[in-house]
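Here is a friendly tour of one protein model, starting with a helix and its sheet. Have a look at the fold before reading on.

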Amino acid sequence: MTDIDSAGLAGTDTTLIIVDDDKAFLQRLARAMETRGFQVETADSVAEGMRKVDQKPPAYAVVDMRLEDGNGLDVIELIRKRRPESRMVVLTGYGNIATAVTAVKLGAVDYLAKPADADEVFQALTRDPTEKAVPPDNPMSADRVRWEHIQRVYELCERNVSETARRLNMHRRTLQRILAKRAPR
């Protein structure tokens, strides 16, 4: 294991790939990581991310879980195969325990809920692997966790309200009211 230098980056290889389909977030995070010493590559799809990883596996990666063309865990899995020592963080707007466990099993060092800021991402990428993660300063409220779960099930049911309501054991009209509201803080 290499030592973490004063900037927090391990060794001399500071290559980082960021894979996210939210282009504005992708560009902001890329600029922020460049100012922290990373050599950043970006991709806005699973296909582009996998192609770039195949060409040059990075030392670090930040990958969104859900992308328009597939699952970001496919990119994580390819990085782990091509460069096992790579440090990877998964970002998601749909946090749940099962996907967090899967991400860690595939080699991610951390799993952050969106919106994550550059400082949180940097800390997750550079934290000593023997240290425990620090609890978040502003964890999601119970209402937000519930809303995220409902949104995830709704997406998994291909945005079918009746099927989602059945799976959540909820009245369809109640679900429609919840879906029509903005996400709680």
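## Helices across the sheet

Helix α2 (residues 46–55) lies across β1 and β2, at about 140° to β2. Helix α5 (residues 118–126) lies across β1, β3, β6 and β7, and runs at about 145° to β6. Axes here are lines fitted to C-alpha atoms, for helices over the stretch in contact (heavy atoms within 4.5 Å); angles run from 0 to 180 degrees between N-to-C directions.

Residues are numbered from 1 along each chain as its sequence is written, and side-chain values use heavy atoms, leaving out hydrogens and water.

The open sheet has 5 strands in the order β2-β1-β3-β6-β7, with parallel pairing. Because β2 and β7 stand at the edges with a single partner strand each, one side of each has no neighbour in the sheet. β1 and β2 pair over 5 bridges, pairing being at least two DSSP bridges. Thr15 stands opposite Gln39 in β2.

Helices (H or I, at least four residues) and strands (E, at least two) are DSSP runs, numbered from the N terminus.

| Element | Mean pLDDT |
|---|---|
| Helix α4 (residues 97–105), lowest | 73 |
| Strand β1 (residues 15–19), highest | 96 |

The chain averages a pLDDT of 84, but residues 1–7 stay under 50. Where pLDDT is low, the predicted coordinates should not be read in detail.

Note on methods
Predicted model: local features only at pLDDT ≥ 70, side-chain atom pairs only at ≥ 80, totals over all residues. pLDDT = per-residue confidence, 0-100.
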